[in-house]
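Reader: I'd like to learn how to read a model like this one. Could you walk me through it, one feature at a time?

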Amino acid sequence: MRSYWAVVSARFRMLLQYRAAAVAGFGTQLFWGLIRIMIFEAFYRSTTASQPMTLPEVVDYIWLGQATFVMTLPYYLDLEILTMVRSGTVVYELLRPLDLYSLWFSRSVASRAAPTLLRALPMFVAAGLFLGLRPPASVASGAGWLLALLGALMLSCAISTILSVSLLWTIAGEGLVQILGSAGMILSGIVIPLPLFPDWAQTALNILPFRGLLDTPARIYSGNILPGEALPLFAHQMAWTLAFVALGRLLLARGTRRLVAQGG
Amino acid sequence: MREGIRLYLRYISISARGQMQYPASFILLTISGLLATGGEFLGIWALLHRFGSLKGWTLPEVALFYGIVQIAFSISDATSRGFDAFAAMLKRGDFDRVLLRPRSSALQLAGQELTMRRIGRFSQALAVLLWSASALGAIWSPAKVGLVVASILGGACLFFGLIVLQATLAFWTTESLEIVNTVTYGGVETAQFPLTIYRPWFRRFFTAVIPLAFISYFPALAILGRPAPPVLPWIAPLAGLLFLLLALRIWQFGVRQYCSTGS
């Protein structure tokens, strides 16, 4: 376990070097969130009918999405693994006295958590003070949110590790990742909050894994889902995570069996 | 001029052939671009489905705004890659080589790459625009079709101009200023909807500072037959072209005072 922790902390420190990129990203996201909020304000002013979410809940949802999407959307491919596969140095990974799946999984945890911490904290301050983000609905909602966020991180890393493993078969993996990312975007709630989709789509959205990435934590935070009702949602996140970990391990075992290391 | 165009065509045909060397990757990236923007439109559809209308604007009307700005952006995105990657080029010192050649630097950068996979976003947006055109019914005249085309071209010029400005800033900062993405990507997001839905300061910003309103909102008013100022909607797309020309002038100023990093 200690060695995986070392992988996490080393990647973490490396990624924290890119502060300028984080500042620029932060400004862009604030502006973006503001546009989204104005659009939703206009929609809510266009109707008097009651909606499955209130406008303040939507505002929370947007800011939480902006603050944490780097962490919870499996949109980014681990470029170093891509390079390793292309150049062939991936065989060194096999020499390490570590479980390869756990190694790649830990890399993925670190590369998500570090930029998120950089972005999320200032965003909570800025959006909380000036732009309509409310504190969690209650202490229990806040605790439930943190738990769901952890679940989202694990789910996201399980999906993204499968994508890294898929590179062993096709180095055109970039496209595959982006296709999955595009589908994941709309199905996770980053484009519009999932409850605002038509009612007939809700069952499918609730079963698919992607809501666990963003929709679940955001709605627990704002009290749209009460802490008492959250248990099945944690189970949903965990079940999908375990399924993706199992699939990832299976694929990796097959992939490394095919791998042939050429000469010295 | 004629020779410049010929050279540009030659540049981009080489770039296109290069990208076609990896057909699987090209197809997957194209599909993903199509899905990404398709997803955004799905979101707009879902919102209008749930809320009925957006302050009196219907789905086909919003789709017209969406189609114009997304097509415009996909054109600029496909053609501006050279300027987009300019900061990195500057850092490597490769820009010095560009300066040694007896052709304008803007032409060479524009000819760096024609990003073929943007055809995904382009065709998705075109499909939305065509659907909107048929759903809007009998409002069309040759002049209005011309105005749609002019708006798209004006918009492409505007976004191209923004990317040129972003590249120009790199002469002084040697960093790519990601903050400009705020007005490019943010502008695309904004112009997917009629400008009237936003707060006044925001509308003023995207009218007076970045002339986004001129390439989508004003022309769309005339096309949809909504109350609009007289003549303005019909000449508004020119603002995009003027913006690009201005951006290129600033670019030339940047080139003249450029001093290599020496790397």
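This is a predicted model: local features need pLDDT of at least 70, side-chain atom pairs count only at pLDDT 80 or more; totals for chains, interfaces and linings use all residues.

Reader: Okay, so how many residues does the largest nonpolar core have, and which have the most contacts inside it?

Author: The largest one has 138 residues, and B:Val62, B:Phe65, B:Ile68 and B:Ala72 have the most contacts inside it. The top contributor is helix H9 of chain B, residues 142-173, which gives 15 residues to this core. As a general idea, nonpolar side chains tend to be buried together in soluble globular proteins.

Reader: Let's pick one of those. What is B:Ala72 in contact with, sequence neighbours aside?

Author: Leaving out neighbours within four places in sequence, B:Ala72 is in contact with B:Ile152, B:Gly155, B:Ala156, B:Phe159 and B:Ile215.

Reader: And helix H3 of chain B, how do I read that one?

Author: Check its span, then its surroundings. H3(B) covers residues 59-79, and its 21 residues reach 30 Å from first C-alpha to last, close to the 30 Å expected at 1.5 Å a residue. Of those 21 residues, 18 are buried, so H3(B) is largely enclosed by the rest of the structure.

Reader: What about B:Ile27: where is it, and how far is it from B:Val62?

Author: You'll find B:Ile27 in helix H2 of chain B, residues 23-51. It has 14 other C-beta atoms within 10 Å, so it's partly exposed. B:Ile27 and B:Val62 are 35 residues apart in sequence, and their C-alpha atoms are 29 Å apart in space.

Reader: How should I read backbone angles?

Author: Most residues other than glycine have a negative phi. Now look at B:Lys55: its phi is near 45°, a positive value in a residue other than glycine. B:Lys55 is in the loop between H2 and H3 of chain B, and with 13 C-beta neighbours inside 10 Å it counts as partly exposed.

Reader: Is B:Ser141 buried or exposed?

Author: Exposed, because a residue with 12 or fewer other C-beta atoms within 10 Å counts that way, and B:Ser141 has 10. It lies in the loop between helix H8 (119-135) and H9 of chain B.

Reader: On to chain A. Where is A:Ile37, and is it buried or exposed?

Author: A:Ile37 is in helix H2 of chain A, and it counts as buried, with 20 C-beta neighbours inside 10 Å. Beyond four places in sequence, A:Ile37 is in contact with A:Val59, A:Ile62 and A:Gly132. A:Val58 is 21 residues away along the sequence, and the two C-alpha atoms are 8.1 Å apart.

Reader: How do I describe two helices packing in that chain?

Author: Look at the distance and angle of their axes. For H3(A), residues 55-72, and H7(A), residues 139-166, the axes come within 9 Å and cross at roughly 40°. That makes H3(A) oblique to H7(A). A:Thr68, A:Met71 and A:Thr72 in H3(A) meet A:Leu149, A:Ala152, A:Leu153 and A:Ser156 in H7(A). By class, this contact has four nonpolar, three polar and no charged residues.

Reader: Last one: how many residues of chain A are in contact with chain B?

Author: There are 31 of them, in contact with 35 residues of chain B. On the chain A side, helices H2 (19-45) and H8 (173-188) each give two or more residues, and H2(A) gives the most, with 14. That side has 21 nonpolar, eight polar and two charged residues.

Terms used:
Residues are numbered from 1 along each chain as its sequence is written. Chains are lettered from A and ligands numbered from 1 in the order in which they are written. A nonpolar core is a set of buried Ala, Val, Leu, Ile, Met, Phe, Trp, Tyr and Cys residues joined through C-beta atoms within 7 Å. Helices (H or I, at least four residues) and strands (E, at least two) are DSSP runs, numbered from the N terminus. Two residues are in contact if their C-beta atoms, placed from the backbone, lie within 7 Å. Ala, Val, Leu, Ile, Met, Phe, Trp, Tyr, Cys and Pro count as nonpolar, Asp, Glu, Lys and Arg as charged, and the others, Gly among them, as polar. Axes are lines fitted to C-alpha atoms, for helices over the stretch in contact, and angles run from 0 to 180 degrees between N-to-C directions. Angles under 35 degrees count as roughly parallel, over 145 as roughly antiparallel, 65 to 115 as roughly perpendicular and the rest as oblique. The expected span of a helix is 1.5 Å times one less than its number of residues.
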